[in-house]
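The following account is meant for a reader meeting this structure for the first time.

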Amino acid sequence: MKFRVERDVLADAVTWTARSLPTRPPVPVLAGVRIEADASGVLHLSSFDYEVSARSEIAAEVSEPGVVLVSGRLLAEISRALPAKPVDVVLEGTKVTVTCGASRFTLLTMPVEDYPALPVMPEITGSIDGDQLTQAVAQVTVAASRDDTLPLLTAVRMEIEGEKITLLATDRYRLALRELTWKPASPDVSTVALVRAKTLSDAAKSLGGSAQVNVALATGVGVDLIGFEAGGRHTTSLLVDGDYPAVRRLFPDETPIHAVVETQALSDAAKRVALVAERNTPIRLSFSAGQVVLDAGQGDDAQASEALEAALVGDDISVAFNPQFLLDGLGALNTAFVRLSFTHPNKPVEFTGQRALEGDDNQEYRYLLVPIRFAS
Amino acid sequence: MSRTARSPLVKRDWGATEDGCSILHVDMDAFFASVELARRPHLRGRPVIVGGSERAVVLAATYEARAFGVHSAMPMQIARRMCPQAVVVPPDMAAYREVSTAVMEVLSEVTTLVEQVSVDEAFLDVSGARRRLGPPTAIAAGIRERIRATHGITCSVGIAGTKFVAKLASEHAKPDGVLLIPRAATVEFLRALPVGALWGVGERTEAALARWGLRTVAELADSDVSTVQRAVGKVAGAHLHDLAWGRDPRPVSPGRIEKSIGAEVTFPVDVADLAVVQTQVLALADRCASRLRSEGMVSRTVSIKVRTSDFRTLTRSRTLPTPTDVGREIFLVTRELLAGVDLEGLPVRLVGVRTEGLSPAHATPQQPTLEEATAESGHGRRDAERAMDLVRDRFGTGSIHAASSTAPKPVILEGHRPINYRRSETGPILDVTSPSG
């Protein structure tokens with residue numbers, strides 16, 4: 001095998017393909033990136049850890065076709081460090097030589113025949129605008145659980161119904177829901193999938209730069225897979241198995257009280273006031289006509305407070321939140337104003353975005369957060 | 001039953017001046033064994049050991065058994081070998097707790113300044129009770145008499161100016177005695193003891209001090225503070241030097257907050273099946289939660305302890321997203337911790353669960369889950385567990401527990417075929433009954 005490729009192109013492709021390789025793989029070959037050079041001048045790079053697979057294709061001057069398996073991390077680091085010159089890669093016996101300008105590296109290869117076959121990318125189910133996908137995924141994954149205590153909750157629930165996709169995630173203390181539209185391959189598609197939040201956000205971040213991301217789902221036949229594809233890069237991941245709790249019913253039907261505040265101002269004030277809130281202590285938001293007062297700390301502890309303009313509809317209300325959970329929700333909104341809808345100081349509060357102080361809220365994204373309370 | 005280093009030289013009369021000696025340390029003698037003797041008088045005078053089956057450890061032993069070298073925390077097998085004629089009585093924790101509560105009530109009638117240290121010992125500050133009840137020695141005699149008369153068990157009392165000296169005094173008063181260490185005699189009393197007698201000096205510290213030639217309290221007291229600090233560290237060094245001179249500023253604090261609540265179990269036979277270990281962990285998590293609730297506390301950190309058949313002990317801990325007193329929340333974390341322990345394929349001998357970082361529930365802000373916040377009252381997990389507490393209070397500790405903490409055995413009902421109960425691995429997370437959407 002022998003080929004020549006541009007440094008930037010190689011570095012990008014190897015870095016992306018090797019990004020999810022395990023540091024301590026169960027079998028050594030899984031730490032590898034498989035490189036296949038074909039006579040038509042295309043390099044196929046692939047990686048797989050039995051859960052997530054990645055494949056990318058780049059153009060190269062191939063003088064001798066062939067296949068090798070080399071350490072993905074090492075090749076990624078080397079290719080990023082090389083000078084901006086064409087890179088020559090040659091297989092000599094069991095070693096691969098990488099030459100670029102005056103730099104020369106020799107890498108050991110691993111047996112290609114031991115490498116597992118990558119899952120086949122399922123048929124395309126539809127496509128989403130790259131920016132929309134990135135934004136929507138970031139908005140819901142903020143509420144997904146990060147520890148494995150309840151493995152099911154590290155996943156995002158993806159509901160596809162024709163032109164509508166709904167993403168849902170919860171860590172039991174808050175719940176995020178985002179609705180978006182896409183272009184389904186078939187107008188009557190209807191399916192549900194649980195995708196690990198980490199995988200989803202990784203795919204959205206690395207492919208979201210493209211104008212369009214193709215999504216492929218295979219459920220019910222053999223292995224349940226989801227695949228994403230954009231700009232010559234494919235990634236697949238196993239779906240999470242299990243019954244996701246029925247969380248949608250947790251959104252309140254009616255909210256007699258709501259308040260509208262400028263999102264950035266509230267977020268900034270909450271960050272300042274939270275400085276005195278020790279771990280697990282709340283930040284209080286007291287809404288009254290025309291204003292909201294934030295405060296934290298009590299008794300002998302340090303205290304802080306700040307007042308902001310707010311439009312309140314309904315009775316005065318005071319709620320307390322975990323500062324981080326509050327900031328997560330405000331940070332995910334992407335709108336100039338936030339509407340907080342209440343039913344009771346101890347019941348979950350719904351956060352939605354709003355363009356202006358007056359007017360209706362946008363129900364596309366909803367963040368539901370349980371207030372903190374003192375035990376009875 | 002303490003194994004604190006003692007010295008026969010100091011068990012003597014140190015004087016009768018009681019001025020400034022208002023701290024009492026009351027310690028039951030061989031508590032569990034004494035309770036057993038009180039209800040089995042025919043065993044009096046015989047070596048009696050309270051402990052579980054073969055694999056467990058000695059929980060208490062009468063002084064007759066101790067004469068054979070038996071001591072608490074010793075494996076039962078060794079104890080039986082040392083003293084084959086001993087009568088072994090299985091522990092009855094409920095009975096001991098009952099007597100303990102009654103004894104603490106006797107103490108609280110003397111003064112409100114009672115600091116219970118464990119099930120069988122407490123500190124009292126009697127400075128305010130002197131006018132009413134007389135000098136500390138008279139108060140001590142009164143306490144001992146009442147406990148003996150009502151419960152048929154004996155206790156020893158140490159009287160001194162500080163908690164730490166009072167505790168040492170009660171050690172040296174045992175069994176069934178009183179020892180007063182007058183203020184003026186405190187330093188002399190301490191100097192005769194080995195360093196191991198000082199509070200907080202275990203085997204490690206003892207060895208570290210011995211490397212600097214500090215084997216007795218006298219040697220420690222006479223050396224420079226900086227020498228002691230070099231041996232055991234800055235804070236500990238200064239503290240030990242203070243203790244060696246009888247300085248211990250800690251007051252008797254009745255509102256002592258328990259630092260942790262834990263439970264552990266040694267399996268009768270080493271267990272290789274992790275599902276069995278996990279089932280036990282669930283029961284232990286429930287027990288911790290139940291005790292947290294009865295003490296009105298919530299815990300922030302959960303830890304597990306696993307001892308493998310080669311006596312290697314592994315502990316792992318994790319901080320919870322929000323403080324809790326719910327057994328299920330504790331279990332979820334312990335299950336995760338257990339899965340992360342590398343047992344190297346060895347079977348498990350002992351497993352324990354501990355809840356730490358305790359704070360009073362009424363003063364601790366808690367982050368409820370969506371489920372708890374939206375459920376109508378009486379439907380949350382905490383409410384279910386509280387209901388279980390009530391059942392246990394009324395019908396005993398074994399009367400109710402989580403279905404998944406019982407072994408999945410086929411149950412044969414009369415005239416019916418066996419029913420196999422399937423064990424649920426995780427159970428519902430948000431208690432979902434309706435389909436998604």
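## From whole chains to local detail

Chain B exposes about 21300 Å², and carbon and sulfur atoms supply 54% of this surface. The model under discussion is a predicted one.

Chain B has 437 residues, of which 46% count as buried. Its secondary structure consists of 16 helices and 13 strands.

The secondary structure of chain A comprises 6 helices and 28 strands. Of its 376 residues, 53% count as buried. The accessible surface of chain A amounts to about 16600 Å², and 49% of that area belongs to carbon and sulfur atoms. Among contacts in chain A with a separation of 6 or more, 65% are accounted for by residues 24 or more positions apart.

The discussion now turns to a sheet in chain B. Strands of a sheet pair through backbone hydrogen bonds, and the pairing may be either parallel or antiparallel. In chain B, 3 strands form an open sheet whose order is β3-β2-β4, with mixed pairing. The edges of this sheet are β3 (58-61) and β4 (87-89) of chain B, each of which pairs on one side only. From one strand to the next, the twist averages 30°.

In what sense do strand β2 and β4(B) of chain B pair? Strand β2 of chain B, which covers residues 48-51, pairs with β4(B) in the parallel sense, over 3 bridges. Within β4(B), the residue that stands opposite B:V48 is B:V87.

Two cysteines of chain B may be considered individually. Are B:C155 and B:C288 buried or exposed? A residue is classed as buried when its relative accessible area is under 20%. B:C155 counts as buried because its relative accessibility is 2%. B:C288 likewise counts as buried, because its relative accessibility is 1%.

Note on methods. Residues are numbered from 1 along each chain as its sequence is written. Chains are lettered from A and ligands numbered from 1 in the order in which they are written. This is a predicted model: local features need pLDDT of at least 70, side-chain atom pairs count only at pLDDT 80 or more; totals for chains, interfaces and linings use all residues. Side-chain values use heavy atoms; hydrogens and water are left out. Helices (H or I, at least four residues) and strands (E, at least two) are DSSP runs, numbered from the N terminus. Buried means under 20% relative accessible area, exposed over 50%, partly exposed in between (1.4 Å probe, protein chains only). Accessible areas come from the Shrake-Rupley method with a 1.4 Å probe; for residues, only the protein chains shown count as cover. Two strands pair if DSSP finds at least two bridges between them. Axes are lines fitted to C-alpha atoms, for helices over the stretch in contact, and angles run from 0 to 180 degrees between N-to-C directions. Contact means heavy atoms within 4.5 Å.
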